[in-house]
Amino acid sequence: MNVTIVGTGYVGLVTGACLADLGHHVFCLDADEAKVAMLNDGRMPIYEPGLDELVARNRDEGRLSFSTDVKASVAFGDLQIIAVGTPPRADGSADLRFVHAAAKAIGRHMDRFKVVVQKSTVPVGTAEQVSRIVRAELHARAKDLDFSVVSNPEFLKEGAAIDDFMNPDRIVLGVDDDLPGRRALGLMRQLYGPFNCNQERTRVMDVRSAELTKYAANAMLATRISFMNELANLADRLGADIELVRQGIGSDPRIGYSFLQAGAGYGGSCFPKDVDALCRTALERGQRLSVLEAVQSVNQRQKLVLLQKVLGHFGDDLAGREFAVYGLAFKPGTDDMREAPSRAIIAGLLRAGARVAAHDPVAQESAARALAQDLADEPELLQRLRYVERPAEALVGADALLLVTEWKQYRVLNPSQLKRAMRTPVVFDGRNLWDPDQLAAAGVTYLGVGRSN
Ligand code: UGA
């Protein structure tokens, strides 16, 4: 099939590359000339494991192209997949300017039946707006062409996006129950056909339910995390171990193990933004989502739990102390620093007078940009922050090690190296990655999240 992807951000690029790999012909449109040039040159604007090879292979084999040519992009795809950014505005609501512009361009240039696929995460009701915009453009051109807007939310996790796309649990399709809608559904089934060979994974529903499904999924996952974080804090007070509690409840198939990991709080562009957006949508309809409001405020507090543990251990004044921080990205497998807990933790350490030596395998540059922005009014603090090339360098002379993001390479901790290199061998394990007993036996002071120490 011929598919156009509007927007080569994270979702657009992964979707385009994966669809091309399935054998479709994919035309990726982006307004940013520099980005298109970069992609045509084989360079990636984002870090996502495996994406560079996937893009290169499909581009070389002629199934994937990048362009800034709007007219050509509308002409190309029977399916026009909108995957543009929907950044939060100052008041927290989604800025739909790019979605609207994409709809306008499609309406202005289309010359045959098109399926407009809404993939960016957008508030419930946006597909109807897209439909109105396309129709108005057609009307202005006095064209009487059929089209249908389909909601097809993505469920990709950063760092595992290709695998998530290629092995979907479900494909949600929100379609209108009319003639163009049924025609659109046929084309969508064709697009995702390869995923339904052994098992039907498509969930067909009305457009609004599909839009809400996306928010409901992220809100549910965020709720599980905040619930466990709150219980972890209670476990600390009660002398219980949240890791044992997690195993104890996760083994109940009605509960399951996923997304029950307590720690330094959730970050990223999706959970914080989507939970906020859902609360806002509900308020606009006169309903408060009390559970989700609490989920967000528990998470804001949780981002500071590790810092509070440090202050509890060393006292409020950290002047003259040095801390090693492992892991800066909001989670492993990405260089994304949006809402990363490391930002609040490092800023707090610096404000309390500490020096910080930070390490991340891929996010150091984006971390430096994010922290410079966070501390723009206190630039002198940044002089006490340095980034190191190898994790071991951060340990030299450190009073404590803080683990914020559980990259694989941090899994094995060598207690004798810690004791040799650090001023005091203390670890604050913000992801409950390490074995407290093993470290304690080796003479390392261990403080986790919800492990009663
Ligand atoms: C999330 C969803 O998992 C995807 O299904 C969805 O498509 C995506 O948002 C989106 O809306 O685009 P993502 O934000 O990439 O994906 O990352 P996750 O792996 O879900 O992790 C989110 C945050 O939760 C991370 O900060 C992670 O450290 C934290 N987390 C996750 C926990 O604190 N505990 C857990 O048990 C799991």
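Predicted model: local features only at pLDDT ≥ 70, side-chain atom pairs only at ≥ 80, totals over all residues.
Biologist: Where is the place of Arg338, and which residues is it in contact with, leaving aside neighbours within four places in sequence?
Modeller: Arg338 sits in the loop between strand 9 (322-326) and helix 14 (341-351), where helices (H or I, at least four residues) and strands (E, at least two) are DSSP runs numbered from the N terminus. Leaving aside neighbours within four places in sequence, its contacts are Gly267, Gly268, Ser269 and Phe330, a contact meaning that the C-beta atoms of two residues, placed from the backbone, lie within 7 Å.

Biologist: Which residues does the UniProt "binding site" annotation that includes Arg338 cover?
Modeller: The unreviewed UniProt entry gives that annotation to Asp30, Lys35, Thr86, Thr121, Glu158, Lys273 and Arg338. These positions are spread over 309 residues of sequence and also spread in space, up to 24.9 Å between C-alpha atoms. UniProt positions are in the numbering used here, feature names are shortened, and annotations may be inferred rather than shown by experiment.

Biologist: And Lys273, where is that found?
Modeller: Lys273 belongs to helix 11 (residues 271-284), and it is partly exposed because 19 other C-beta atoms lie within 10 Å.

Biologist: Switching to the ligand, how many residues surround it, and which are the closest?
Modeller: The ligand is surrounded by 20 residues, of which Glu158, Gln261, Tyr266, Gly268 and Cys270 are the closest; a residue is near a molecule if its C-beta atom, placed from the backbone, lies within 6 Å of it. By class the shell divides into ten nonpolar, six polar and four charged residues, where Ala, Val, Leu, Ile, Met, Phe, Trp, Tyr, Cys and Pro count as nonpolar, Asp, Glu, Lys and Arg as charged, and the others, Gly among them, as polar.

Biologist: Which parts of the chain does that shell come from?
Modeller: Helix 9 (residues 207-238) gives the largest share, three residues, and at least three residues come from each of domain 1 (2-205) and domain 2 (215-300). The chain also has a domain 3 (303-447), and the domain bounds come from an automatic or database domain assignment.

Biologist: How many residues of domain 1 and domain 2 are in contact?
Modeller: Nine residues of domain 1 are in contact with eight of domain 2, and the side of domain 1 that touches domain 2 has five nonpolar, three polar and one charged residues. The centres of these two domains, taken over C-alpha atoms, are separated by 30 Å.

Biologist: Last one, helix 15: which of its residues are buried, and what do they pack against?
Modeller: In helix 15 (residues 364-374), Ala367, Ala370 and Leu371 are buried. They are on the same side of helix 15 because they cover an arc of only 95 degrees around the axis, the arc being that of the directions from the helix axis to the C-beta atoms. These buried residues pack against helix 14, strand 10 (355-359) and strand 11 (385-387), while Glu365, Arg369, Ala372 and Gln373 are exposed on the other side.

Notes
Residues numbered from 1 in each chain as written. Buried ≥ 20, exposed ≤ 12 C-beta atoms within 10 Å, placed from the backbone.
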